[in-house]
Amino acid sequence: MNTKYSDLINQTYDFPQEEFTLDKDNLQFHDIDLMELVAEYGTPLKFTYLPKISSNIQRAKEWFRIAMKKNDYKGKYYYCYCTKSSHFEYVMNEAFKNDIHIETSAAYDINIVENLLESGKINKKTYVICNGFKRDQYVTNIARLINNGHKRTIPIIDNYEELDLLQEEINGKFKIGIRIAAEEEPKFEFYTSRLGIGYRNIVPFYRKQIHENDNVELKMLHFFINTGIRDTAYYWNELLKCLKVYISLKKECPSLDSLNIGGGFPIKNSLAFEYDYQYMIDEIINQIKIACEEADVDVPNIYTEFGSFTVGESGGAVYQVLYQKQQNDREKWNMIDSSFITTLPDTWAINKRFIMLAINRWNDTYERVLLGGLTCDSDDYYNSEQNMNAIYLPTYKKEKPLYIGFFNTGAYQETIGGYGGLHHCLIPQPKHILIGHDEEGNVVTSVFSEQQRAEEVLTILGYNKK
């Protein structure tokens, strides 16, 4: 009988996969022995596999290169990293090895940009695309960056007042973009995105505030769909509406030469994940070219702002199953040594699912379980996989510790979870390690941050006053 956990995975998925393989009884991630990491660093443990960041950037750049060559597309492609996905320096250091650009969302992002400029990670050729709703400090920081000579800074206008606010603080002429307020998917709670300016209002806004304004040069139209770049009638319809606006603007504004299609590439959230990235890029480039040729306008340069796609698949978390509770005749609760709410907050906040696999004991029998976190909160649980309404793991045995891993967790989880601060029920933040390769290709690891200590928590709470 096929009763082993390894049998279950092999019968359910196409396994092994590029990043996941098996060495006897233990899971390997990009040929890294995860049980060796557990033995060296313990659990709970967060990790970032840095080479995956560069790998995904290069994959996307190659897909766009192929699509543009196939379609004889005359515009250029610019890959921007969306900082809000992960602001950490180790992410930036890896990402900017790949000749890319940067997209910001809020005031302190500009301080990071200035740090990157000072350290030589980026330079004056790097585009800085400033998105988000801008007030006070954000406007001041953008103005400082431009006034100090970074002319490839492009604030994206989100509302009718922002242009005036920027002009009050920026010396001389500067470039801008305009964000389209796309219509949300029909099942969404709102009809139109709160971000940007409506389709019908963009050309009138240009005529009123930009056309005869000698201090402003419109360079970019920004388009982003909240549900991401997906092969759906909704996405293609919104893209075509965006192209109509671009063409109308281009006919009145010769300086407009760029279309920013935002982020939204999905990342792998299941071993059954399928997505044809090359097809989607081919079709986007093809649709843009067709629309522009029919209207007799030049095709735009293409910008993307991939965040989750850049960093998401580099991250992971490892937990130990501490105990099993049989709560009734059907429900077995495997209690982990951390909290889902605090370390993987998207599982709690938006019911997001990541790849979850046992790290060891693949040759043992399996059972259906629920996973529970340590907080005193009924919502601190994980009860299903992306492609099945259940969780199966090797059978719990007190004398044989079980470790489980969550993968592709590198986007948003640290900042949403409040890295370095207070966490629900004061569950400490886990140790975090960085994984890379040396010049000979050997795996090297280093500790980015130790597990949070009681003294640090008490200091935040005001108990350790001097």
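In which strand does threonine 48 lie? Threonine 48 belongs to strand β4, which spans residues 45–49.

## Basis of the model

The structure is a predicted model, in which local features need pLDDT of at least 70 and side-chain atom pairs count only at pLDDT 80 or more, while totals for chains, interfaces and linings use all residues. Residues are numbered from 1 along each chain as its sequence is written, and side-chain values use heavy atoms, with hydrogens and water left out.

Helices (H or I, at least four residues) and strands (E, at least two) are DSSP runs, numbered from the N terminus.

Buried stands for under 20% relative accessible area, exposed for over 50%, and partly exposed for values in between (1.4 Å probe, protein chains only). Leaving aside neighbours within four places in sequence, threonine 48 is in contact (heavy atoms within 4.5 Å) with Tyr90, Ser314, His432, Ile433, Leu434 and Ile435. The C-alpha atom of threonine 48 is separated by 37 Å from that of leucine 166, a residue 118 places away along the chain.

Asparagine 71 is found in the loop between α3 (51–70) and β5 (77–82). With a relative accessible area of 13%, asparagine 71 is also buried. Not counting residues up to four places away in sequence, it touches Asp282, Ile285, Asn286 and Lys289.

## Nonpolar cores

A nonpolar core is a set of buried Ala, Val, Leu, Ile, Met, Phe, Trp, Tyr and Cys residues joined through side-chain atoms within 4.5 Å. The largest comprises 88 residues, and those with the most contacts inside it are Ile210, Leu218, Leu221, Phe265, Ile302, Phe306 and Phe309. Helix α9 (residues 233–252) gives the most to this core, contributing 10 residues. Another core, of 45 residues, lies apart from it and has Leu37, Tyr319, Ile355 and Ile435 among its members.

Leucine 218 is in contact with Ile176, Gly177, Ile178, Tyr206, Ile210, Leu249, Cys253, Ser255 and Leu256, leaving aside its neighbours within four places in sequence.

## Salt bridges

Side chains of opposite charge can pair when their charged atoms come close. A search of the whole structure finds 20 salt bridges, each defined as a side-chain nitrogen of Lys or Arg within 4 Å of a carboxyl oxygen of Asp or Glu. In one of them, glutamate 161 pairs with arginine 135, with the closest N and O atoms 2.7 Å apart. Glutamate 161 lies in the loop between β8 (153–157) and α7 (162–169) and arginine 135 in the loop between β7 (128–130) and α6 (137–147), so the pair ties together parts 26 residues apart in sequence. Arginine 135 is partly exposed, at 29% relative accessibility.

Lysine 289 forms a salt bridge with glutamate 293, the closest N and O atoms being 3.8 Å apart. Because these two residues are 4 residues apart in helix α10 (residues 277–295), about one helical turn separates them. Lysine 289 counts as buried at 17% relative accessibility, whereas glutamate 293 counts as exposed at 52%. Elsewhere, Arg361, Asp364 and Lys400 are linked in a network of salt bridges.

## A nonpolar surface patch

Leu422, Leu426, Leu458, Ile460, Leu461 and Tyr463 make a nonpolar surface patch of about 560 Å². Patches are made of residues with over 30% relative accessible area and no salt bridge, like charges being joined within 9 Å and nonpolar side chains (Val, Leu, Ile, Met, Phe, Trp, Tyr) within 5 Å. Accessible areas come from the Shrake-Rupley method with a 1.4 Å probe, and for residues only the protein chains shown count as cover. Leucine 422 is placed in the loop between α14 (413–416) and β21 (431–437) and is partly exposed, with a relative accessible area of 40%.
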